[in-house]
Amino acid sequence: MPSPYTEFHPRWYRARVSTWWWLGRWPYLRFILRELTSLAVAYFVGLTLFQLHALSQGPAAYGRFQETLRLPWMLALHFVALLFVLYHTITWFNLAPKAMAVRLGGRRVPDLLVAAPNYVLWLAASAGLAWLLLRG
Amino acid sequence: MAGRSNDPFFWGLFSAGGVVAAFLIPAHLLLFAFAFPLGWLDAPSYARLLELVRTPWARLYLFALCSLPLFHWAHRFRFTLYDGLQIKHLNEVIFAFCYGGALAGTATAAYLLWSI
Amino acid sequence: MANTIVLEIARYSPERDIEPRFERFEVPCREDWVILDALNHIKDRKDGSLTYRWSCRMGICGSCGMMVDGEPKLTCATFLHTYARREKPVRIEPLRYFPVIRDLVIDVADFMRKLKRARPWLIRRDEKPLAEGEYLQTPQQLDDYRQFSMCINCMLCYAACPVVGLDAQFIGPAALALAQRYNKDSRDQGAEQRTDELSDHDGIWGCTFVGECTRVCPKHVDPAGAIQQYKLTAAADWFKSFLMPWGARE
């Protein structure tokens, strides 16, 4: 065991990590932005719950909800939210292969080939949703 | 063996919620916050939407869409507060806020989707 | 290309200083020089008191890790001329998130303790008798863990990981990657032992997948990948043992 004297030597310099550590480097900032996408995700759920509530209160209430969605500041907010949820999707699909180390025939499948099917499935699911809602 | 920390459970929820959010939320947001209100696409009528939502599959789907992403948020935001703001000493409060919020949202979704 | 380049080096003496200060040195900017050559030049000819670690000077011992313009680098593998174009002094600091003993030398005792917790050695329930010969391994079995075995313990990943800086208990990228190296080794039988220790909030679950560790690793170990894979197997094990507790593993 190292002696406590040298181990916790009071004069060894220990820099404090600033609260703004994440502003210090681009990769850190991108990381925090990725983590903040969870706020947009939670916001979306909140929005959907409000929408469901309005739906349950009758056509007039739902109409008022639609009006609110059209307000300029709502649109601006939702645009920001959309950017964040897209960032979530992209970072999620790009990072998922790292956790899986997929091997085929003994060789490691390149990350891009593991991520690509996710994108395809995403587009298919999105198109499917749109089709479901648009057909009379 | 299972006497290890409960982190795997919360991480599992985080992952499930992350997958649901990644695949479904962008399209939902684009359609319901932009395309339909702004008339880029023909919005389903009130009656049609209500009819759709009332089907059992839709209720389940919407419940998953509302609940799992909230648990994704709970886990991720908890860590963001720990690391970003370095307020780990408040971790009980943070935990209660995050998972309490997720449970509240889940309960609200359950109520709305049950009674609609 | 300019003839000389200025290095701005962190100096700290525990007997003399409260906090580090920076000193500038002008050194020749030779095309084949690395940062380590510049440091050696300074120590030889300008200031013999400059204190730093180095050994192999070829990127395999892991001793010469330092912050160069805010990036963790092996100074023996970082060329001076890369920085010559920038027309401002190159900042050399000790590896981030470690206590500084003096100048560019950091205390690694904490890292060594954390490394030990990962049990980075082959663990066997039963040893094969010598007469039965070696433990055989196919090239594919080697491939399963080979990348993670490339770690030279240089600690650049610790200097890159914000969680290491924010949480003193966090075991850190290299230790976890090395644990995975042994977990994935077909000769090893100690995965459960390791996971009992590491599947904890200061083990794998402390990692938030920032990914910086992988980006700075000079040996392309990909500790972030190792940790995420570890999370997946540890989580799967946890759910299995939770849902099927009767299926006790050996």
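Which residue takes a positive phi in the hairpin of strand 3 of chain C and strand 4 of chain C? In this predicted model, that residue is Asp69(C), with a phi near 50°. The hairpin has two residues between the strands. Strand 3 covers residues 65-68 of chain C and strand 4 covers residues 71-74, and the pair runs antiparallel, held to each other by four bridges.

Now for the places where chains meet. Where chains A and B touch, chain B puts in 42 residues and chain A puts in 40. On the chain B side, at least two residues come from each of helix 1 (7-35), helix 2 (46-53), helix 3 (56-85) and helix 4 (91-115). Helix 1 of chain B gives the most, with 14 residues. Sorted by class, this side of chain B has 32 nonpolar residues, eight polar ones and two charged ones.

Chain B also touches chain C, and that contact takes 12 residues from chain B and 18 from chain C. On the chain C side, helix 6 (162-166) and helix 10 (223-243) are the elements that give two or more residues. Helix 10 of chain C gives the most, with seven residues. The chain C side splits into 10 nonpolar, four polar and four charged residues.

How values were computed. Residues numbered from 1 in each chain as written. Chains lettered and ligands numbered in written order. Predicted model: local features only at pLDDT ≥ 70, side-chain atom pairs only at ≥ 80, totals over all residues. Contact = placed C-beta atoms within 7 Å. Nonpolar A, V, L, I, M, F, W, Y, C, P; charged D, E, K, R; others polar. Pairing = 2+ DSSP bridges.
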